[in-house]
Amino acid sequence: MSETERANSMSEERSVRRVCGIAGSLRQSSFNRVVLRAAQELAPEELTIEIFDGLGEVPLFNQDVEAVGDPSGVTALKEAIRGADALLIATPEYNGGVPGVLKNALDWASRVGAGSTSALSGKPAAIFGASPGRLGTARAQPQLRLALESSGVFVMPKPEVHLMSISGHVTDGILVDETARRIVASLMEAFSHWISQVHV
Ligand code: FNR
């Protein structure tokens, strides 16, 4: 079998996977939502990315509230994650860390209901992030990785994607910079392989 035939047959074997995409920002013109949409557009055809847009409906975590039942925003979040084969998170960086709104949502999602596992447990995930600054969320991402891994998520180790100076690469809400688009496309290609490795 030639290399091309081998590559074709491997890609034919890849199953269609549903990915839940989350941008960790509530900002209307969030750069992280922009790069998440670019990932959706540039992903290989076997990945279907559905962007969860309900982060703003997830209340602050409170164990007393949880004890009487998940609020509807939390149920929607958990259902979006449970219904997907994998998780893709684009995180901003606030004060060198993960924005509270994203960490709060993950705290809710990490919780184990009576007699079940958490929505996050066992999911393959990829993380990336964008910022107007020069570090491109390089400090927030290790913290996000730790939080996810603490919840039983299999976070793809590489490539690490820090989209820096992002404001110059976005026009009218679209990631237009060709280099950045190639980086995002490579991330999604690697993610497809990672999902297949985790879901053997
Ligand atoms: C920021 N920003 C920021 N950027 C960064 O690269 N490192 C940082 O530590 C911080 N800290 C920070 C704290 C707070 C409270 C805010 C509001 C902002 C800037 C941040 O990267 C910028 O606002 C991004 O545009 C946020 O991402 P979205 O909303 O565009 O996705």
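The following legends describe close-up views of a predicted model. Residues are numbered from 1 along each chain as its sequence is written, and side-chain values use heavy atoms, with hydrogens and water left out. Because the model is predicted, local features need pLDDT of at least 70 and side-chain atom pairs count only at pLDDT 80 or more, whereas totals for chains, interfaces and linings use all residues.

**View 1. Residues surrounding the ligand.** The ligand is surrounded by 13 residues, a residue being counted as near if one of its heavy atoms lies within 4 Å. The closest are Ser 25, Arg 27, Ser 30, Asn 32 and Asn 95. By class, this shell holds four nonpolar, six polar and three charged residues. In this grouping Ala, Val, Leu, Ile, Met, Phe, Trp, Tyr, Cys and Pro count as nonpolar, Asp, Glu, Lys and Arg as charged, and the others, Gly among them, as polar.

View 2. A polar side-chain atom of Ser 30 is 2.6 Å from an oxygen atom of the ligand, and an N or O atom in the side chain of Arg 27 lies 2.8 Å from a ligand oxygen atom. A nitrogen atom of the ligand has a polar side-chain atom of Glu 93 at 2.9 Å. Taken alone, the ligand exposes 620 Å², of which the protein buries 70%. Accessible areas come from the Shrake-Rupley method with a 1.4 Å probe; for residues, only the protein chains shown count as cover.

**View 3. Strand 3 and its two partners.** Helices (H or I, at least four residues) and strands (E, at least two) are DSSP runs, numbered from the N terminus. Strand 3 comprises residues 86-90, and five of its five residues are buried. Buried means under 20% relative accessible area, exposed over 50%, and partly exposed in between (1.4 Å probe, protein chains only). In a regular strand the side chains alternate between the two faces of the sheet. On one side of strand 3 lie Ala 86, Leu 88 and Ala 90, and on the other Leu 87 and Ile 89, all buried. Strand 1 (residues 17-23) runs parallel to strand 3 and is joined to it by five bridges; two strands pair if DSSP finds at least two bridges between them. Strand 3 also pairs with strand 4 in the parallel sense, over four bridges. Leu 87 is the bridge partner of Cys 20 and also has Ala 125 of strand 4 as a bridge partner.

View 4. Seven of the seven residues of strand 4 are buried, so the strand is largely enclosed by the rest of the structure. Ile 127 is the bridge partner of Ile 89. Two bridges join strand 4 to the parallel strand 5, where Phe 154 is the partner of Pro 124. Strand 6 likewise pairs with strand 4 in the parallel sense over two bridges.

**View 5. Surroundings of Gly 129.** Gly 129 belongs to strand 4 (residues 124-130) and is buried, with a relative accessible area of 0%. In strand 6, the bridge partner of Gly 129 is His 162. Contact means heavy atoms within 4.5 Å. Leaving aside neighbours within four places in sequence, Gly 129 is in contact with several residues, including Asn 32, Thr 91, Gln 141 and Val 161.

View 6. Asn 104 is found in helix 5 and is buried, with a relative accessible area of 11%. The Asn 104 side chain reaches the backbone nitrogen of Phe 61 at 2.7 Å. Beyond four places in sequence, Asn 104 is in contact with Val 58, Pro 59, Leu 60 and Phe 61. Glu 66, located in helix 3, is buried at a relative accessible area of 15%. Not counting residues up to four places away in sequence, Glu 66 touches Phe 61, Trp 108 and Arg 111.

Technical notes:
A polar contact is a pair of N or O atoms within 3.5 Å; within protein, one must be able to donate a hydrogen and the other to accept it, and residues adjacent in sequence count only if both atoms are side-chain atoms.
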